[in-house]
Amino acid sequence: MKKILIANWKMQLDYSGSLALAKKYQQKIKKTKNELIVAPDFASLEMVKNVLKKTTCKLAAQNVAAWEHGAYTGEVSAKTLKQMGVKYVLIGHSERRQYLKEDSKTLRLKIEQALSAGLIPVLCIGENLAAYRAKKTHSVLRKQLEEVLFGMMIDNNKAILIAYEPVWAIGSGKAMSPEEAEANHVFIKGVLASLIGQIPKVLYGGSVNSKNAALFLEWPNVDGLLIGGASLKVDEFSQIANV
Ligand code: PGA
């Protein structure tokens with residue numbers, strides 16, 4: 001079964017850095033076993049699309065506006081992303097929740113915008129270290145999912161993905177154990193089955209690298225990975241792409 005791998009470049013690179021990395025992807029990542037999606041910053045989307053146009057890599061944005069159009073200086077609409085050839089959009093990454101203070105109400109609007117423009121939203125959820133230590137992971141995940149998706153009618157022909165990223169595992173070098181991730185993915189799918197009547201694919205994220213990727217992907221409910229740091233190194237990423 002093909003798994004979904006999203007390379008989240010965050011704001012780690014400037015424009016010329018993104019160009020250089022996209023060229024390396026283009027040269028080194030040929031036919032891959034898994035489905036690859038690249039998420040550069042907004043300003044690099046068009047350029048990355050052009051560099052990767054002969055590959056099978058799809059494009060994701062890292063964010064989208066909560067409104068359709070209007071006087072929202074600095075925002076980028078879902079329609080614009082769609083027209084640019086973007087297929088997926090990350091929504092509610094923990095860094096945006098933390099630094100941009102994005103709340104569930106905003107994330108809900110973003111999901112609605114993405115879906116109505118024909119983008120596939122990738123809703124990011126995850127518990128922080130305190131909740132993890134207090135064994136409150138499941139109640140945090142349930143709350144995050146319910147607050148954003150409660151009562152939302154999602155047509156069966158419209159997909160949504162979930163990225164489960166324990167906040168404490170992001171960029172820390174300390175990934176969750178694959179067994180625990182699998183159990184949490186099963187929990188997330190159970191919540192979603194009753195919440196939106198669909199069982200979306202769930203990706204794991206948080207300190208994934210070429211050594212641990214296979215250990216995650218062998219679990220049936222780990223449908224893919226969201227990869228930050230390791231996606232900036234083409235050798236690392238190309239190994240993960242073929243796990
Ligand atoms: P990381 O980031 O792979 O560097 O931990 C993952 C993410 O934040 O999406």
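This report looks at the ligand's surroundings and at some aromatic pairs in a predicted model.

## Ground rules

Residue numbers start from 1 along each chain as its sequence is written. Because the model is predicted, local features need pLDDT of at least 70 and side-chain atom pairs count only at pLDDT 80 or more, while totals for chains, interfaces and linings use all residues; side-chain values use heavy atoms, leaving out hydrogens and water.

## Around the ligand

Let's start with the neighbours. There are 13 residues around the ligand, and Lys 10, His 93, Glu 165, Gly 171 and Ser 207 come nearest (a residue is near if one of its heavy atoms lies within 4 Å). By class, that shell holds four nonpolar, seven polar and two charged residues.

Now for the ligand's oxygen atoms. One lies 2.8 Å from a backbone N or O atom of Gly 228, and an oxygen atom of the ligand is 2.9 Å from a polar backbone atom of Gly 229. With Asn 8, it's a side-chain N or O atom that sits 3.4 Å from a ligand oxygen. Taken alone, the ligand exposes 280 Å², and the protein buries 95% of that (areas come from the Shrake-Rupley method with a 1.4 Å probe).

## Aromatic pairs

The whole structure has six aromatic pairs (rings of Phe, Tyr and Trp, using Trp's six-membered ring, with centres within 6.5 Å; planes under 30 degrees apart are stacked, over 60 edge-to-face and the rest tilted). One of them joins Trp 67 and Tyr 72, which are stacked at 4.0 Å centre to centre with 5 degrees between the planes.

Tyr 164 and Tyr 204 have ring centres 6.4 Å apart and planes at 65 degrees, so this pair is edge-to-face.

Notes: Polar contact = N/O pair within 3.5 Å; in protein donor to acceptor, adjacent residues only side chain to side chain. Nonpolar A, V, L, I, M, F, W, Y, C, P; charged D, E, K, R; others polar.
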